Amino acid sequence: AKMATRLSDSDEEPKSKLTKMEEDESEVWEELEPTIDNVLEQESLKWIFVGGKGGVGKTTCSCSLAVLLSHIRESVLLISTDPAHNISDAFDQKFSKFPTKVRGYHNLYAMEIDPEVVDKDEIEDELQQDESGITGLAKELLQDL
């Protein structure tokens, strides 16, 4: 996947790596190098999806990315839809279909759901009872889906 940043016609540095095109009609887009730093610096990113064939390192990449993001974001929610529940193995901690704080982190949460058997209404009902910030993210994701 390619990432882009906006540059104006002037030589000044862009204020944001990713901004809306509507701000100025003279804007042009420049391709960014595909680096982890460019992903981490994108303040406008709300959701990051990691996918691919089996055995390509999705769990390793998503867990590593979540840890890195937890150092610069207020809160991070890692959701796995892999029935093998490999993020529990990666963090050596059992996760469920509800957001659970990852041991050793104050703002990193994880949950594992099986999309074939998940009851979206049950999760939404459970999340309604908890109004903390991370459950708000989980509720928002379920609504977006």
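Gly 51 is exposed, with a relative accessible area of 61%, where exposed denotes over 50% relative accessible area, buried under 20%, and partly exposed the range in between, for a 1.4 Å probe and with protein chains only taken into account. This glycine, Gly 51, is found in the loop between helix 1 and helix 2; helices (DSSP runs of H or I, at least four residues) and strands (runs of E, at least two residues) are numbered from the N terminus. The C-alpha atoms of Gly 51 and Ser 62 are separated by 9.2 Å, the two residues being 11 apart along the chain.

The structure is a predicted model, in which local features need pLDDT of at least 70 and side-chain atom pairs count only at pLDDT 80 or more, whereas totals for chains, interfaces and linings use all residues. Residues are numbered from 1 along each chain as its sequence is written, and side-chain values use heavy atoms, with hydrogens and water left out. The mean pLDDT (the predictor's confidence in each residue, from 0 to 100) of the protein chain is 76, and 59% of its residues reach 70 or more. Over residues 1-22 pLDDT stays under 50, and for this segment the model has 44 contacts beyond four places in sequence, a contact being defined by heavy atoms within 4.5 Å.

The protein chain has 5 helices and 5 strands, which follow the pattern β-β-α-α-β-α-β-β-α-α when read along the sequence. Of the 145 residues in the protein chain, 29% are buried. The protein chain exposes about 9800 Å², of which carbon and sulfur atoms supply 49%; accessible areas come from the Shrake-Rupley method with a 1.4 Å probe, and for residues only the protein chains shown count as cover. Among contacts between residues at least 6 apart in sequence, 50% join residues at least 24 apart.

The largest nonpolar core comprises 15 residues, of which Leu 78, Ile 87, Phe 91, Phe 95, Val 102, Leu 108 and Ala 110 touch the most other members. Such a core is a set of buried Ala, Val, Leu, Ile, Met, Phe, Trp, Tyr and Cys residues joined through side-chain atoms within 4.5 Å. At least two residues of this core are supplied by each of helix 1 (36-40), helix 2 (58-70), strand 3 (76-80), helix 3 (86-91) and strand 5 (108-112), and the largest share, 5 residues, comes from helix 2. In soluble globular proteins, nonpolar side chains tend to be buried together. When residues up to four places away in sequence are not counted, Val 102 touches Phe 91, Gln 93, Phe 95, Leu 108, Tyr 109 and Ala 110.

Strand 3 is mostly covered, with 4 of its 5 residues buried. Strand 3 and strand 5 pair in the parallel sense over 5 bridges, pairing requiring that DSSP find at least two bridges between two strands. Within this arrangement, Leu 78 has Ala 110 in strand 5 as its bridge partner.

Asn 107 lies in the loop between strand 4 (100-101) and strand 5, and is buried, with a relative accessible area of 4%. With residues up to four places away in sequence not counted, Asn 107 touches Ser 70, Arg 73, Glu 74, Ser 75 and Val 76.

Ile 36, in helix 1, counts as partly exposed at 42% relative accessibility. Ile 36 touches Leu 65 and Leu 68, residues up to four places away in sequence not being counted, and the C-alpha atoms of Ile 36 and Leu 65 are 8.2 Å apart in space although these residues are 29 apart in sequence.

Positive phi values were also found in residues other than glycine. His 85, which is not a glycine, has a positive phi of about 55 degrees; His 85 is placed in the loop between strand 3 and helix 3 and counts as partly exposed at 25% relative accessibility. For Asp 92, likewise a residue other than glycine, phi is positive and near 50 degrees. Asp 92 is placed in the loop between helix 3 and strand 4, and at 63% relative accessibility Asp 92 counts as exposed.
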